[in-house]
Amino acid sequence: MPFKIKEARKEKGYTQEELAKRANVSRATIIGLENGSVTVTTTDTLTKIASALDKKVSDIFLA
């Protein structure tokens, strides 16, 4: 399932590092979710990333 994190991040003009800091997750998590090497993560992480991007979880994580 391709996540839409990269598209949403670029819309906001954030770097991966900036998004990681805003979401309080590691940059490695952002990279993994963007490139598809990480396909499973916690609901908490999904919520943090979505919130940092001003999106709903379903907007970026569901097909």
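Asp54 is exposed, at a relative accessible area of 57% (exposed means over 50%, buried under 20% and partly exposed in between, with a 1.4 Å probe and protein chains only). This is a predicted model, in which local features need pLDDT of at least 70 and side-chain atom pairs count only at pLDDT 80 or more, while totals for chains, interfaces and linings use all residues. Residues are numbered from 1 along each chain as its sequence is written, and side-chain values use heavy atoms, with hydrogens and water left out.

**Salt bridges**
- The structure holds 5 salt bridges, each a side-chain nitrogen of Lys or Arg within 4 Å of a carboxyl oxygen of Asp or Glu.
- One of them joins Lys12 to Asp54, with the closest N and O atoms 2.7 Å apart.
- Lys12 lies in helix H1 and Asp54 in the loop between H4 and helix H5 (57–61), so the pair ties together parts 42 residues apart in sequence; helices are DSSP runs (H or I, at least four residues) numbered from the N terminus.
- Lys12 is partly exposed, at 35% relative accessibility.
- Arg9 and Glu34 also form a salt bridge (2.6 Å, N to O), and both residues are buried.

**Surroundings of Gln16**
- Gln16, in helix H2 (residues 16–23), is buried with a relative accessible area of 18%.
- The side chain of Gln16 makes a polar contact of 2.8 Å with that of Glu34, a polar contact being a pair of N or O atoms within 3.5 Å; within protein, one must be able to donate a hydrogen and the other to accept it, and residues adjacent in sequence count only if both atoms are side-chain atoms.

Conventions: Helix = DSSP H or I, 4+ residues; strand = E, 2+ residues; numbered from the N terminus.
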